[in-house]
Amino acid sequence: MAASTETGHPNVLGKAVREGVFAGVVAFLMFLLFVGIETYQDINNALVWRTRWGLLAIFVLVAAVSRFLSVGFIKPHIDRRKLAKAKSGVLEISEQKSFFHRHFLKIALVFLLVYPFLSLLIVGKQGSLKYVDNFGIQILIYVMLAWGLNIVVGLAGLLDLGYVAFYAVGAYSYALLSSYFGFSFWLLLPMSGILAALWGIILGFPVLRLRGDYLAIVTLAFGEIIRLVLINWTDVTKGTFGISGIAKASFFGIWSFDTGSANSFVKAWGLSASSVYYKIFLFYVILALCMLTAYVTIRLRRMPIGRAWEALREDEIACRSLGINTVTTKLTAFATGAMFGGFAGSFFATRQGFVSPESFVFLESAVILAIVVLGGMGSLTGIAIAAVVMVGGTEVLREMSFLKVVFGPDFTPELYRMLLFGLAMIIVMLFKPRGFVGSREPTAFLKERRAVSGSFTKEGHG
Amino acid sequence: MAAESLLKVQAVETYYGNIRALAGVDVEVNKGEIVSLIGANGAGKSTLMMTICGSPQARSGQVIFDGEDITRLPTHLIARRRIAQSPEGRRIFPRMTVYENLQMGAGLDNLKYFNEDVEKIFTLFPRLKERQTQRGGTLSGGEQQMLSIGRALMARPKLLLLDEPSLGLAPLIVKGIFEAIKKLNQEEGLTVFLVEQNAFAALKLSDRAYVMVNGKVTMSGSGKELLANPEVRAAYLEGGRH
């Protein structure tokens, strides 16, 4: 590659054209049947087909042009930069980082704290509903879920494909206990966490001996079992109809957010009625829950139990020979992860006001796991960024009606969110095989804190 | 020296499924000794070491440590009786730094000695001190072996089990590691039970040694005796001298 960049551009451009055409041909063959031809039922319910050559042409063009650009321009550019860096002799980790880079966490936190008010200021009450609820709360729920799963998958290295089960346990705990017994959110929030943690231990016991693929299959089954129980235990859970009219959270019992009630928040503060106040309140609740998750994770990583989780991920046999009880270590990992899933679940129930088994399908587990993997196993910052990109990206897709101009009026962008997920996965894994933030921050230091780059460790060992 | 028994393995039989890996092994390690176990591949040396640690557990026979029967204890409780192991293949934690690896070895009840112990290990293996912020997985084979032994020593063991510390290492590094073991034994009276393929180096180092063939101990004696024994020479030493 380096030789061809030095000999000049024609060589590279020729190669780029060849590769671009090749990519176009491959795309044409791949999409010919999937995109080029569409089947549908006509009035007589007969299955007929029509062609979509225009859409197919767009797909092929996108593939060819992006391959051409990446081979002809992007890759040479990256190689040149790498070469220049290697020549200058400056190691990546010793480089002075920009102000934004160094204070990223503080800036992000401040931004989150002012975010609801910022959106109120800019787009007004009605517009804020979307930004606070769809973007803010939705993303933060996934951040929390992914951070919870991170304890199980990222730290303890136990691949859990049924994490959504604990989310469901939390949500239904709140929904059922609040509608049958009228308990408040603030009482049920910890209870949902504890119940989910119990289920984490119940799941943990039978799978203690399993690792890797086998564990993944069993946890997947567990997730499905919980969902099927929720569907079929109609006496209690009302099955697929779900539970509606779940009580709203109150402002710590001081003010209520129900419009009719005597001590309603808007009346007490003399505000005009709007649901945006409740959403802003919920935003801060989930933000606080996220911060709790992060705090607990960071603290635990420095304590013996967190260190034991990480050691367990690295080498189980070595762990046992060092006197670590792998049984309790695994169970606490499952229970702690499940507990945060439960918190998030009960929050989800109070925010939606409605839960049904629909919300707890396998796809949710997959999305949460994808966020953890994309973010870089074990890295809180990376996972948060991945959640913003993936969940925020899905929401942004809904907004992109201009795509209809390109792809035709039948194009519904949000249906392509799985495509987006897949694409993001491939891109991140190609360029950053350990996720956005791939380096594991050491938690113990003798004298000074020093960055240890992920690039020092072998693939598959990090 | 009045021999006070620290570890006693009595008529131990261990099976993997239906395959008998140990067929009634008797081994004894006294306090302050270096005892080595030599033998060919598949003789059951590592199995004996793992059986002492309780994984797999012996089907019959007894493992007695410091007067207590530990045959049926789970591995982590055996480790807490201060039997530290540097396992075969070293098994350090690759993503953790050298320093964190040492922390993992310390266990909870030794935390008050922690800084002192780390310093001790850094004097024993100065290379580890240079590399303390580096990840375990980035170390060379010899450094990983030092780390593995260092991690085991952090537990302040009464008995140190070493499973093939010379595996895949250059002769010069093996020499260094064996010298460190000798030093630990002479200066601190550490009891060491060593499993080795490198029979010559192991026998030279050891007070006593056992030879194992097909899951049975066939010979035992002092290191010097076995070095001079024609059978041992023929089987394990000729051509194998480093």
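What share of the contacts in chain B with a separation of 6 or more comes from residues 24 or more positions apart? The answer is 67%, where a contact means that the C-beta atoms of two residues, placed from the backbone, lie within 7 Å. The model is a predicted one, so local features are reported at pLDDT of at least 70 and side-chain atom pairs at pLDDT 80 or more, while totals for chains, interfaces and linings use all residues. Residues are numbered from 1 along each chain as its sequence is written, and chains are lettered from A and ligands numbered from 1 in the order in which they are written.

Chain A first. It splits into domain 1 (2-86) and domain 2 (127-456), with bounds that come from an automatic or database domain assignment. Taken over C-alpha atoms, the centres of the two domains of chain A sit 36 Å apart.

The C-alpha trace of chain B spans about 45 × 40 × 40 Å along its principal axes. Some 49% of the residues of chain B count as buried, meaning that 20 or more other C-beta atoms lie within 10 Å of a residue's own; 12 or fewer makes it exposed, anything in between partly exposed, and C-beta atoms are placed from the backbone. Chain B holds 10 helices and 10 strands, taken as DSSP runs (H or I, at least four residues, for helices; E, at least two, for strands) and numbered from the N terminus.

One open sheet of chain B has six strands in the order β6-β7-β8-β3-β9-β10, with mixed pairing; two strands pair if DSSP finds at least two bridges between them. At its edges are β6 (83-86) and β10 (216-222) of chain B, each pairing on one side only. From one strand to the next the twist averages 15°.

Within this sheet, strand β3 (residues 34-39) of chain B is mostly covered, with six of its six residues buried. Ile34(B), Ser36(B) and Ile38(B) are buried on one side, and Val35(B), Leu37(B) and Gly39(B) on the other. β3(B) runs parallel to β8 (residues 191-196) of chain B over five bridges, and five bridges also join β3(B) in the parallel sense to β9 (residues 208-213) of chain B. Ser36(B) faces Leu194(B) in β8(B) and Ala209(B) in β9(B). Further along, Gly39(B) has Met212(B) of β9(B) as its bridge partner.

The other open sheet to describe has four strands of chain B, ordered β2-β1-β4-β5 with antiparallel pairing. Its edges are β2 (19-30) and β5 (68-69) of chain B; each has a single partner strand, so one side of each is left without a neighbour in the sheet. Helix α1 (residues 45-52) of chain B packs on this sheet, touching β1, β2 and β4 (60-65) of chain B, and its direction makes about 70° with that of β2(B). For such angles, axes are lines fitted to C-alpha atoms, for helices over the stretch in contact, and values run from 0 to 180 degrees between N-to-C directions. β1 (residues 5-16) of chain B pairs with β2(B) in the antiparallel sense over nine bridges. Among the facing residues are Ser5(B) with Asn30(B) and Tyr15(B) with Arg20(B). The hairpin of these two strands has two residues between them, and Gly17(B) there takes a positive phi near 65°.

On to helix packing. The axes of α3 (residues 98-106) and α6 (residues 141-153) of chain B come within 7 Å and cross at roughly 35°. Contacting residues include Val98(B) and Leu102(B) of α3(B), and Leu147(B) and Gly150(B) of α6(B).

A few backbone details remain. Most residues other than glycine have a negative phi, and most peptide bonds are trans. Ser55(B) and Pro56(B), however, are joined by a cis peptide bond with omega about 5°, and Pro56(B) is found in the loop between α1 and β4 of chain B. Arg91(B) has a positive phi near 50° and lies in the loop between β6 and α3 of chain B. Arg91(B) counts as buried because it has 22 C-beta neighbours inside 10 Å. Lys238(A), with a positive phi of about 60°, counts as partly exposed with 18 such neighbours inside 10 Å.
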